[in-house]
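Reader: Hi! Could you walk me through this fold?
Author: Happy to, let's have a look together.

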Amino acid sequence: MNKISKMAAIAAVACMAMAASAATIDLDYTGIVGGSSAGQARINSSTYRAGHMAHTITSGDRAGETFNTFCIELGEYASNGTATYDIINLEDAPNPGAHYGQSKADAVSAIVANAYAMGWIDSKLQATDSGASDYLAKMGAIQAAIWEALGSSFEVNSGSTSASVRTQYNALMSVSSFDDSRRMVGLRAAVATGQQDMLFVVPLPSGALAGLGMLGGIAGVRTVRRRR
């Protein structure tokens with residue numbers, strides 16, 4: 001790959017990032033997948049349903065499309081009804097509130113990237129097998145780990161935490177397999193005042209995807225070192 005091609009690939013990614021920072025999307029939160037059957041997690045001395053948060057896109061060329069994602073803000077209440085979300089860098093979330101910063105953003109990215117590497121979710125955060133008996137527990141474990149990475153206290157061994165969520169959380173975060181250098185490509189935050197902020201994945205332009213693949217594989221899940 002010549003120098004000009006490398007620079008073009010990098011410029012494409014930079015443009016994608018700038019566009020993501022300025023983008024908005026209208027979403028309707030329709031509930032947590034599994035409803036009352038979703039896993040429970042004891043967080044900051046309160047018990048929450050933890051798992052995949054279901055949304056419907058309500059405007060634009062993707063109107064009517066549904067997708068599931070994960071919450072990155074416990075301080076707001078998720079309510080039904082369409083709201084306009086800004087797509088921003090994860091380190092700049094939440095809105096409102098003090099920004100998470102790069103360290104917490106990287107920790108969240110590592111969690112979903114490890115879940116991806118384990119085959120639990122795909123590159124757009126969607127479950128690979130939503131019909132599996134352990135689907136809700138796996139999504140609950142990912143969600144609990146995300147809240148923990150963002151500074152909340154996850155009481156994994158509490159009697160209020162579902163046993164199935166505890167089991168899958170221990171599998172996901174195992175010190176023998178968790179790689180904290182992994183990152184999920186295109187991971188962003190969808191933020192809206194008065195709504196819980198969510199994770200969102202911005203797809204790379206096709207040209208940039210090809211270019212990055214030739215730049216050393218950073219377009220995929222990256223593995224450099226093991227978590228100690």
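Author: Let's start with helix H2: the cover over its buried residues includes H3, H4, strand E7 (187-191) and E8. Helices (H or I, at least four residues) and strands (E, at least two) are DSSP runs, numbered from the N terminus. This is a predicted model, where local features need pLDDT of at least 70 and side-chain atom pairs count only at pLDDT 80 or more, while totals for chains, interfaces and linings use all residues. Residues are numbered from 1 along each chain as its sequence is written, and side-chain values use heavy atoms, with hydrogens and water left out.

Reader: Thanks! Which residues of H2 are buried?
Author: They are Ala-105, Val-108, Ser-109, Ala-110, Ile-111, Val-112, Ala-113, Asn-114 and Ala-115. Buried means under 20% relative accessible area, exposed is over 50%, and partly exposed lies in between (1.4 Å probe, protein chains only).

Reader: What span should H2 have at 1.5 Å a residue?
Author: The 17 residues of H2 (residues 101-117) should span 24 Å, and the end C-alpha atoms are 24 Å apart, which agrees. The expected span is 1.5 Å times one less than the number of residues. Just after H2, Gly-119 has a positive phi of about 85°.

Reader: And what is Ile-111 in contact with, leaving aside neighbours within four places in sequence?
Author: Ile-111 touches Ile-142, Ala-145, Ile-146, Ala-149, Leu-172, Met-173 and Phe-178. Contact here means heavy atoms within 4.5 Å.

Reader: Which residues touch the most other members in the largest nonpolar core?
Author: Of its 49 residues, those are Ile-111, Val-112, Leu-125, Ile-142, Ile-146, Leu-187 and Leu-199. H3 gives the most to this core, with nine residues. A nonpolar core is a set of buried Ala, Val, Leu, Ile, Met, Phe, Trp, Tyr and Cys residues joined through side-chain atoms within 4.5 Å. There is also a second, separate core of eleven residues, including Ile-25, Leu-27, Tyr-85 and Ala-192.

Reader: Switching to the sheet: what order do the six strands have?
Author: The open sheet runs E5-E4-E1-E6-E7-E8, with antiparallel pairing. E5 and E8 are the edge strands, each pairing on one side only. Two strands pair if DSSP finds at least two bridges between them.

Reader: Over how many bridges do E1 and E4 pair?
Author: E1 and strand E4 (residues 53-57) pair over five bridges, in the antiparallel sense. Tyr-29 stands opposite His-55 in E4, and Asp-28 has Thr-56 as its bridge partner there. On to the next pairing: E4 and E5 share four antiparallel bridges, with Ala-54 opposite Asn-68 in E5.

Reader: Is E4 buried or exposed?
Author: Five of the five residues of E4 are buried, so this strand is largely enclosed by the rest of the structure. Met-53, His-55 and Ile-57 lie on one side, and Ala-54 and Thr-56 on the other.

Reader: Last topic, how many aromatic pairs are there?
Author: The count is three. In one of them, the ring centres of Phe-67 and Phe-200 are 5.8 Å apart with planes at 80°, so the pair is edge-to-face. Phe-67 sits in strand E5 (residues 66-69) and Phe-200 in strand E8 (residues 198-201), 133 residues apart. Both Phe-67 and Phe-200 are buried. As for the rule, rings of Phe, Tyr and Trp (its six-membered ring) pair if their centres lie within 6.5 Å; planes under 30 degrees apart count as stacked, over 60 as edge-to-face and the rest as tilted.
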